[in-house]
Amino acid sequence: MRSEVTFRPATAADAEAYYGRVPPLSFRGYVALKDGEVAGIGGVYYDGPVRIAFSEFKETLRSDRRALVKGTRMLMKFIDTIKGPVYAVASEHEPTAADLLHRLGWKPTGVIGKHGETLVRS
């Protein structure tokens with residue numbers, strides 16, 4: 001039987017629980033909770049005036065496609081409320097990330113960094 005996944009707004013304590021350290025930058029977003037633990041986190045962090053979208057999840061969440069779709073929809077709805085451009089980089093460790101970002105309307109900027117190509121949504 002599959003465990004229920006719930007979502008709620010993220011806190012700094014959630015980020016610390018997920019990453020094992022205090023987040024270096026401020027952010028707003030959501031967490032996915034499975035069996036009472038933070039199994040996924042995503043939102044927008046702020047690097048000065050630049051807004052950068054992020055999301056990641058643990059292997060325990062990978063098989064729950066319904067939760068992943070729900071989390072993606074929540075994040076995109078949240079990102080759509082932000083005025084001005086929001087940037088993202090498709091993870092090279094997640095094979096479907098670039099295609100998903102493209103299907104969600106993210107556009108290439110032509111900027112290539114150490115983590116890959118920067119995309120924008122505005």
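Strand β6 (residues 107-113) and strand β7 run antiparallel and are joined by four bridges. Strands count as paired if DSSP finds at least two bridges between them. Helices (H or I, at least four residues) and strands (E, at least two) are DSSP runs, numbered from the N terminus. β6 and β7 form a hairpin, with two residues between them. Pro108 has Leu119 of β7 as its bridge partner.

The model is predicted: local features need pLDDT of at least 70, side-chain atom pairs count only at pLDDT 80 or more, and totals for chains, interfaces and linings use all residues. Residues are numbered from 1 along each chain as its sequence is written, and side-chain values use heavy atoms, with hydrogens and water left out.

β7 also pairs with β5. Four bridges join these two strands, which run antiparallel. Here Ala88 has Leu119 of β7 as its bridge partner. β5 has two faces: Val86 and Ala88 lie on the covered one, Tyr87 and Val89 on the uncovered one.

Thr118 belongs to β7, which spans residues 116-121. Thr118 counts as buried, at 17% relative accessibility. The classes are buried (under 20% relative accessible area), exposed (over 50%) and partly exposed (in between), with a 1.4 Å probe and protein chains only. Beyond its neighbours within four places in sequence, Thr118 is in contact with Tyr87, Ala88, Val89, Lys107, Pro108, Thr109 and Val111. Contact means heavy atoms within 4.5 Å.

The largest nonpolar core has 13 residues. Such a core is a set of buried Ala, Val, Leu, Ile, Met, Phe, Trp, Tyr and Cys residues joined through side-chain atoms within 4.5 Å. Val44, Ala53, Ile79, Val86, Leu101 and Trp106 have the most contacts inside the largest core. At least two residues of this core come from each of α3 (65-79), β5 (86-89) and α4 (97-103). α3 gives the most, with three residues. Leaving aside neighbours within four places in sequence, Val86 is in contact with Val44, Arg51, Ile52, Ala53, Ile79, Trp106, Leu119, Val120 and Arg121. Another core, of nine residues, lies apart from the largest one; Ala10, Ala15, Phe27 and Leu33 are among its members.

The structure holds four aromatic pairs. Rings of Phe, Tyr and Trp (its six-membered ring) pair if their centres lie within 6.5 Å; planes under 30 degrees apart count as stacked, over 60 as edge-to-face and the rest as tilted. One of the pairs joins Phe27 and Phe54, with ring centres 5.9 Å apart and planes at 80 degrees, so this pair is edge-to-face. The pair links distant parts of the chain: Phe27 is in strand β2 and Phe54 in strand β4 (residues 50-57), 27 residues apart. Phe27 is buried, at 18% relative accessibility. Phe54 is also buried, with a relative accessible area of 18%. A further pair is formed by Tyr30 and Phe78. Their ring centres are 6.1 Å apart and their planes at 85 degrees, so the pair is edge-to-face. Tyr30 lies in strand β2 and Phe78 in helix α3, so this pair ties together parts 48 residues apart in sequence. Tyr30 counts as partly exposed, at 25% relative accessibility. Phe78 counts as buried, at 12%. Phe27, Tyr45 and Phe54 form one aromatic cluster.

Pro9 is found in strand β1 (residues 5-9). Pro9 is exposed, with a relative accessible area of 54%. The C-alpha atoms of Pro9 and Tyr46 are separated by 16 Å, and the two residues are 37 residues apart along the chain.

Asp35 is found in the loop between β2 (27-34) and β3. Asp35 counts as exposed, at 59% relative accessibility. Most residues other than glycine have a negative phi. Asp35 has a positive phi of about 55 degrees, although it is not a glycine.

Asp47 lies in strand β3 (residues 37-47). At 42% relative accessibility, Asp47 counts as partly exposed. Leaving aside neighbours within four places in sequence, Asp47 is in contact with Leu25 and Ile52. The C-alpha atoms of Asp47 and Phe78 are separated by 18 Å, with the residues 31 apart along the chain.
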